Amino acid sequence: MRLDGKTALVTGGTSGIGLAIIRALRRDGARVIALGRSKEHIETFREEFRQDSLASAELVDVRDRDELKGVRDRLDGLDILIPNAGINTRVKALDLEDEALRDMLQTNLYGVFVTCQVFGPLLFLRPGGRVVVTSSLAAIHGLDLRVAYTATKAGLSGLVRSLAIEWGPKGVTVNAVGPGIIETSLTRAYMDKHPERVRATIENTPLRRIGTPEDVADVVAFLASDGARFITGQTIYVDGGISAGSSWW
Ligand SMILES: NC(=O)c1ccc[n+]([C@@H]2O[C@H](COP(=O)([O-])OP(=O)(O)OC[C@H]3O[C@@H](n4cnc5c(N)ncnc54)[C@H](OP(=O)(O)O)[C@@H]3O)[C@@H](O)[C@H]2O)c1
């Protein structure tokens, strides 16, 4: 399961699930590079890893192909690519304004696609290349007020399956993790405002708790490791069993 000598790049790697993935990959020995869009998170990342020469962070917008290419051109190789950056918002489909809709599609779907296009060719140059995309339970589970979000995450399932077919012969596996309800900045404000929804979520989760970023990160670390060498094209749901079904009937 060790990743010594490997280099990993994580988009959205300076907070939430992405930061937990960075920590897990670093724990397992990989050199890690986090991309993020807020200066504040880049600075807290650099503070956390200031003693660690094998962890770095760069300010990059995943919606911008040229910014991604700029990072790629400075890399001397890559083994593990984690397109994780994503955004979400709660609004009725008919009320979602064009700018917000484009932002969602460009971050969650275009951003993942372009990240794979820009960095994928580096993976072909070394044995055992890995792509692990952060999808969501929303890929297979409809959610009101998040129609665009669920559309982007369902789209990622197709991306992962098809890219696995194209890149398998090049020795690269392409998988996704589908987190359920995880406490991060994406969900915290809603959870604080609606404790009754948190209780309902826990009651409807077979493992009876909200997930942590580390629950997701450990599965990503496994998918990035040699232990997962014969798994490709899959989305693994890390949701405490929500996608297994429910006991309402
Ligand atoms: N939390 C959950 O319950 C849950 C459930 C299912 C799936 N997910 C997925 O997990 C992933 C991570 O989300 P999270 O919960 O960890 O939330 P988060 O803490 O808000 O993390 C999102 C990350 O994406 C980055 N990002 C957003 N837009 C970007 C852009 N245009 N360019 C570069 N980076 C960008 C953010 O960067 P900054 O920090 O610099 O803004 C941040 O690091 C997302 O894909 C999300 O859809 C989360």
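Hi everyone, let's start with a helix pair: the axes of α1 and α8 come within 8 Å of each other, and they cross at roughly 50°. Please keep in mind that this is a predicted model. At that angle, α1 and α8 are oblique to each other, and their crossing is right-handed.

Who makes the contact? On the α1 side we have Gly 16, Ile 17, Ala 20, Ile 21, Arg 23, Ala 24 and Leu 25. Across from them, α8 brings Pro 213, Glu 214, Val 216, Ala 217, Asp 218, Val 220, Ala 221 and Ala 224. Sorted by class, the contact of α1 with α8 comes to 11 nonpolar, 1 polar and 3 charged residues.

Now to the second pair, α3 and α4. Helix α3, residues 65-74, packs against helix α4, residues 98-123, at an angle of about 20°, and the axes are 9 Å apart. Angles under 35 degrees count as roughly parallel, so α3 and α4 are roughly parallel. The crossing of α3 past α4 is right-handed. From α3, the contact uses Arg 65, Leu 68, Lys 69 and Arg 72, and from α4 it uses Val 114, Thr 115, Val 118, Phe 119 and Leu 122. In this contact of α3 with α4, the classes are 5 nonpolar, 1 polar and 3 charged.

Last topic: backbone angles. Most residues other than glycine have a negative phi. Which residues have a positive one here? One is Leu 145, with phi near 70°. Leu 145 sits in the loop between β5 (130-134) and α5 (147-167), and because it has 15 C-beta neighbours inside 10 Å, Leu 145 counts as partly exposed.

Another is Arg 208, where phi is near 55°. Arg 208 belongs to the loop between α7 (195-203) and α8 (213-224). Is Arg 208 buried or exposed? Arg 208 is exposed, because 11 other C-beta atoms lie within 10 Å. That loop leads us back to α8, where we began. Thanks, everyone!

Terms used. Residues are numbered from 1 along each chain as its sequence is written. This is a predicted model: local features need pLDDT of at least 70, side-chain atom pairs count only at pLDDT 80 or more; totals for chains, interfaces and linings use all residues. Helices (H or I, at least four residues) and strands (E, at least two) are DSSP runs, numbered from the N terminus. A residue is buried if 20 or more other C-beta atoms lie within 10 Å of its own, exposed if 12 or fewer, and partly exposed in between; C-beta atoms are placed from the backbone. Axes are lines fitted to C-alpha atoms, for helices over the stretch in contact, and angles run from 0 to 180 degrees between N-to-C directions. Angles under 35 degrees count as roughly parallel, over 145 as roughly antiparallel, 65 to 115 as roughly perpendicular and the rest as oblique. A crossing is left-handed if the near helix is turned anticlockwise from the far one by less than a right angle, and right-handed if clockwise. Two residues are in contact if their C-beta atoms, placed from the backbone, lie within 7 Å. Ala, Val, Leu, Ile, Met, Phe, Trp, Tyr, Cys and Pro count as nonpolar, Asp, Glu, Lys and Arg as charged, and the others, Gly among them, as polar.
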